[in-house]
Amino acid sequence: MDKREKKRSSFSGKIGFVLSAAGASVGLGNIWRFPYLAAKYGGGIFLLVYILLALTFGYAMITAETAIGRMTRKSPVSAYAAFGKTGGFRFGGWINAIIPMLIVPYYSTIGGWVIKYLFEYLCGNTKQLAADGYFTEFISRGISAEICFLLFAAAVLVIIYAGVQNGIERVSKFMMPVLVVLALVIAVYSMTREGALEGIKYFLVPNLENFSWMTVVSAMEQMFYSLSIAMGILITFGSYMKDDVSIEGATRNVEFFDTAIAVMAGLMIIPAVFAFSGGDPEALKAGPSLMFITIPKVLDSMGFGTFMGILFFVLVLFAALTSAIALTESAVATFEDELGWNRSKSTLAIGAIILVLGTLSSLGYGPLGFIKMIGMQFLDFFDFITNSVMMPFAALATCLLVIKAIGTERISQEVEKNGAPFKRKKIFNFMIKYFCPLFAVIILITSVANVLGFISV
């Protein structure tokens, strides 16, 4: 064990790991992406499929990545290399390591939009935010969007600079409970609006008539967003986990947090939009614009709209920060492990990457709008290349690493260390060997084919 490994940071215990990992999982994807996918692909039946996948596919991937991190005490590149020095192993590690470096910049751009909307609600500009064309006008104004992006990115980097326990863990321990309370308050408010009952039924009651193959594929894609799978985050966080913490117990708690927030996100948004639209589920299919165009209109139509807008965007800001912190920490850990840099230097290097790529995303709808990457704006391109191409590849690489190099038995030994339980061992072995690799390939093919226009989903 080298000196750098002896000095490696760690979470204080199970609570620190669970809240930090849950914070990584509960992000913008859960707050706005989950509700519109649920509306588009069947409501209650989508929710049922998602929960089943979280307990199987999600469980297997979280367990594998966390165990790999803890047994190697390394970030993704070195963790993969610990089991083989061939190009294939290092490639798999670098895929996991690069993904956060590409996601954080555009994620910070969206985080900046959240800051802008929160500021406007605090100023009482509820009707202005609900006006047609407001969002498009805002993101097309380069300076305003750029300033908001820089504010969000700076907040993330300050927390990362503070370290694992003093920064990430401390912030997560504060933000996650507040986030849950805010989600409960907003969900209750949404569900008690006139006309909301139909939205509640649509979201919670499974209807087999709404089931399709895309229900499964979309729920599987949401797994990557919701559980922080195949981003290198869980390998990095696993490397900070102490040996006396139960991996299976921590995984179960992360699953619970993620599923609970996903359900609450649906109950925050779907009943309110149903009430606003008179029961038209099409109103929920606005996709990414749901949070910045549809929701402000919904809030403007309600009593206490300004107050609820403040609560909602505080919630979204906390969710965005906890995920961005986790992504950035994974990137910083890679620089520390691979280049031997200290945290300060690594944080500054990641900050420079965020500044350059984030500025491209921030200005991509305004001054740099004339530049396209395979027909996409910078933000859309970075989203596509990471979520639709690299993350399925990373998931497949992790499965192959476990199957071909590590072996499920060594993973079991790590999970069962110090007498910890591994109750879902058979489920893990089946999923990691057969189901997870198969669906990673299906997601990759489906996503790329959709973007290239071969299929429409």
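Figure 1. Buried residues make up 62% of the 457 residues in the protein, where buried means under 20% relative accessible area, exposed over 50% and partly exposed in between (1.4 Å probe, protein chains only). The model is predicted: local features need pLDDT of at least 70, side-chain atom pairs count only at pLDDT 80 or more, and totals for chains, interfaces and linings use all residues. Residues are numbered from 1 along each chain as its sequence is written, and side-chain values use heavy atoms, with hydrogens and water left out. The protein has 20 helices and zero strands; helices (H or I, at least four residues) and strands (E, at least two) are DSSP runs, numbered from the N terminus. Of the contacts between residues at least 6 apart in sequence, 82% join residues at least 24 apart, a contact being heavy atoms within 4.5 Å.

**Figure 2. The buried face of helix α19.** In α19 (residues 408-415), the buried residues are Thr408, Ile411, Ser412, Glu414 and Val415. They line one face of the helix, because they fall within an arc of 160° seen down its axis; the arc is that of the directions from the helix axis to the C-beta atoms. An α-helix has 3.6 residues a turn, so residues three or four places apart point the same way. The cover over the buried residues of α19 includes α4 (44-72), α14 (247-277), α18 (378-406) and α20 (425-451).

**Figure 3. Surroundings of glutamine 222.** Glutamine 222 is in helix α12 (residues 213-227) and counts as buried because its relative accessibility is 0%. Its side chain joins that of arginine 33 in a polar contact of 2.7 Å. Such a contact is a pair of N or O atoms within 3.5 Å; within protein, one must be able to donate a hydrogen and the other to accept it, and residues adjacent in sequence count only if both atoms are side-chain atoms. Leaving aside residues up to four places away in sequence, glutamine 222 touches Gly29, Asn30, Arg33, Phe34, Leu37 and Tyr50.

Figure 4. Cysteine 123 is partly exposed, at 43% relative accessibility, whereas cysteine 148 is buried, at 8%. The protein has zero disulfides, a disulfide being a pair of cysteine sulfur atoms within 2.5 Å.
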